[in-house]
Amino acid sequence: MAKVASGTTSPGGKGGVRIVVAGDRGTGKSSLIVTAATDNYPVNVPPVLPPTRLPDDFYPDRIPVTIIDTSSRVEDSGKVAEELKRADAVVLTYACDKPETLDRLSTFWLPELRRLEVKVPVIVVGCKLDLRDENQQVSLEQVMSPIMQQFREIETCIECSAFKHIQIPEVFYYAQKAVLHPTGPLFDQESQTLKPRCVRALKRIFILCDHDRDGALSDAELNDFQVKCFNAPLQPSEIVGVKRVVEEKLPGGGATDRGVNERGLTLTGFLFLHALFIEKGRLETTWTVLRKFGYNNDIKLADELIPTFKRAPDQSVELTNETIEFLRGIYELFDSDYDNNLRPVELEDIFSTAPESPWDEAPYKDAAERTALGGLSVNAFLSEWALMTLLDPSRALENLIYIGYPGDPSAAVRITRRRRLDRKKQQSERNVFQCFVFGPKNAGKSALLNSFIGRQFADTSSSTEEKYAVNVVDLPGSGIKKTLILREIPEDGVKKLLSNKESLALCDIAIFVHDSSDEFSWRRATELLVEVASHGEDTGYEVPCLIVAAKDDLSSFPMAIQESTRVSQDMGIEAPIPISSKMGDTNNVFRRIVNAAEHPHLSIPETEAGRSRKQYHRLINRSLMFVSVGAAVTIVGLAAYRVYAARKNTSG
């Protein structure tokens, strides 16, 4: 880890670096570019240079650098803005002999970059160093420190002279380096510490290199790491030197804060070394390590390492049984007291080698049942994984890789059979079912979701956001467990959902919840049922449907039984299932939802328009059949006549 082989750095997939030079008129932009490219100070330069490319071998990374000059004319500001938006790095110039041009950086240029949302490294360059008044010598650090505090996007400040060839190549070296080996993702300049994502990535790399899993990198493991990342072994004396530096800085008073122990370099020592490299400006060392293990500039695994899937709209993605067993093993490993309660701190530990915990935000946060101690049972843990795999398969696989999945990620999941084929086969083979929960405001949708994940009943205001609840459902008598995902669709979101032709392709079953004491709620729920059923008939993505009569603890509205019987019989689906979330009486509704999803041909509603369409198609088919039979009889008749006529002619 003490040396880097030149030319080994992968620049995060970049095929070239585009550096845009901007600044006030007369600050030396064009002279800076020409001198860097030709090593000669130009006597005459045009107002704006064409794009200038430095030779590929100009810098050790051997990455092509293209420098874009910009106009200082006000009328060209639109074109300058476009160039800045396309930049990989921006060089802002001021003239050392004109203090007002330095002031313009903080009053115009840097705010302008923010206004344009140009989020790339900025190199501030003081040109014409040779013209500065000797009586006005100032410290660059002293001048720039306040500006850099205000504008954190500034990566480096440097002063140069094109006329006297002072620090000209360094300007574009720092700009290229800021693109290929940026400080921002790795290091917090203010606190002088590694950033959380960097720590998490390095922790994963450390674990991958700790082959014997003893919590330390032995000399052999350290050497293997060096060869993998830098194509060069460490000499024994270098290993001793590395460990000595760490031991001096991190002698440690406890087991976790020592940089080196009797087994080798600890994680604490490993992280310290990288912080040391960065502090000394050796960012390429840490970036080389990160990129060798597949990380991009966002400190996430590169897209090409994450499998993607081609599937029909009505196919979903599920974890394989082998992957589920791997996750069970992870759960047991981190549930150290074996109490089937994965506490939040233990869950965070599982994802401590991922960029962040993927379940801290919606839709995963609060989607699964929590134990009395605020943790996850093994079923809840696996349910969260099932939800993530269904909603975002690539993200699920990415996180499997982060937590140490050992096999081929693309083999960790399976693509289910098409729902259309499930209906023909009259049986679904899925292990994970997604149920869309429709209903008017205040019907009891959220209360139903809460009861599914064991959350106590509470009178809450109507939700305007989609929510998810996921849990395992035991099917009695079979020993089979299925995972059910409830997706609450707010009433206001139904129109937008159904504007997409394939929206119901994702749905295994839909339920329609209404307040059984409110006639308006019932009528609105039936309207939604007809809308969804019609959409399914029009698009070919029909889904099984059930009606749920919530708030059964309240008195039903008049004519409720007759109305519900009429609607369910007319549409060919089951009578409404009465439940009371408040009383905790769910009437086995979740098992009934799973059973209906398993037999998708039985509970598909039929609208009047759908029935008419089917009758029309039957009539057309019957007419075609009669036409076909009539034509066949006519053809046979003609054939018989021809045979008869031929015989008659012969006998004649």
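This briefing describes the sheets, helices, aromatic pairs and one selected glycine of a single protein chain.

The structure is a predicted model. The chain has 652 residues, of which 49% are buried. Its secondary structure consists of 21 helices and 19 strands.

**The chain as a whole**

- Among contacts in the chain with a separation of 6 or more, 72% are between residues 24 or more positions apart.
- The accessible surface amounts to about 32300 Å², and carbon and sulfur atoms contribute 51% of this area.

**The sheet that contains strands E1 to E6**

- Six strands make up an open sheet with mixed pairing, and their order is E2-E3-E1-E4-E5-E6.
- The edges are strand E2 (52–54) and strand E6 (154–159); each has a single partner strand, so one side of each has no neighbour in the sheet.
- On average, neighbouring strands of this sheet are turned by 25° against each other, with direction ignored.
- Strand E5 (residues 122–127) and strand E6 run parallel and are joined by five bridges. Valine 125 has isoleucine 158, in E6, as its bridge partner.
- Helix H2 (residues 77–85) lies across E1, strand E3 (65–68) and strand E4 (89–95), and its direction is at about 145° to E1.
- Helix H5 (residues 168–180) lies across E1, E2, E3, E4, E5 and E6, and runs at about 125° to E1.

**Glycine 16, before strand E1**

- Glycine 16 belongs to the segment that precedes strand E1 (17–23).
- With a relative accessibility of 25%, glycine 16 counts as partly exposed.
- Apart from neighbours within four places in sequence, glycine 16 is in contact with Ile63, Pro64 and Asp88.
- Glycine 16 and arginine 62 are 46 residues apart along the chain, and their C-alpha atoms are separated by 9.4 Å.

**The sheet that contains strands E14 to E19**

- A further open sheet of six strands has the order E15-E16-E14-E17-E18-E19, again with mixed pairing.
- Strand E15 (467–475) and strand E19 (577–578) stand at its edges; each has a single partner strand, so one side of each lacks a neighbour in the sheet.
- E15 and E16 are antiparallel and share nine bridges; within this pairing, asparagine 471 has leucine 484, in E16, as its bridge partner.
- Four residues lie between the strands in the hairpin of E15 and E16, where glycine 477 takes a positive phi near 85°.
- E14 and E16 are parallel and share six bridges; glutamine 434 is paired with isoleucine 485 in E16.
- Strand E17 (residues 509–515) and strand E18 (residues 545–550) also run parallel, with six bridges between them. Histidine 514 stands opposite alanine 549 in E18.
- Seven of the nine residues of E16 are buried, so this strand is largely enclosed by the rest of the structure.

- Helix H13 (residues 378–391) lies across strand E14 (432–438), E15 and strand E16 (480–488), and runs at about 120° to E15.
- Helix H16 (residues 445–452) lies across E14, E15, E16 and E17, and runs at about 50° to E15.

**Aromatic rings**

- A pair of aromatic rings is described by two quantities: the distance of the centres and the angle of the planes.
- The count of aromatic pairs, for ring centres within 6.5 Å, comes to 17.
- One of these pairs is formed by phenylalanine 58 and tyrosine 59, which are edge-to-face, with 4.9 Å from centre to centre and 85° between the planes.
- Phenylalanine 58 is partly exposed at 30% relative accessibility, whereas tyrosine 59 is buried at 7%.
- Phenylalanine 108 and tryptophan 109 have ring centres 4.9 Å apart and planes at 80°, so this pair is edge-to-face.
- Phenylalanine 108 is partly exposed, with a relative accessible area of 29%, whereas tryptophan 109 is buried, with a value of 8%.
- One aromatic cluster is made up of Tyr331, Phe351, Trp359, Phe381 and Trp385.

**Charges over rings**

- The charged end of lysine 228 sits over the ring of phenylalanine 293, at 4.9 Å from the ring centre.
- Arginine 487 lies over the face of phenylalanine 436, at 4.7 Å from the ring centre.

How values were computed:
Residues are numbered from 1 along each chain as its sequence is written. This is a predicted model: local features need pLDDT of at least 70, side-chain atom pairs count only at pLDDT 80 or more; totals for chains, interfaces and linings use all residues. Side-chain values use heavy atoms; hydrogens and water are left out. Two strands pair if DSSP finds at least two bridges between them. Helices (H or I, at least four residues) and strands (E, at least two) are DSSP runs, numbered from the N terminus. Contact means heavy atoms within 4.5 Å. Axes are lines fitted to C-alpha atoms, for helices over the stretch in contact, and angles run from 0 to 180 degrees between N-to-C directions. Buried means under 20% relative accessible area, exposed over 50%, partly exposed in between (1.4 Å probe, protein chains only). Rings of Phe, Tyr and Trp (its six-membered ring) pair if their centres lie within 6.5 Å; planes under 30 degrees apart count as stacked, over 60 as edge-to-face and the rest as tilted. A charge sits over a ring if NZ of Lys or CZ of Arg is within 6 Å of the ring centre and within 35 degrees of the ring normal. Accessible areas come from the Shrake-Rupley method with a 1.4 Å probe; for residues, only the protein chains shown count as cover.
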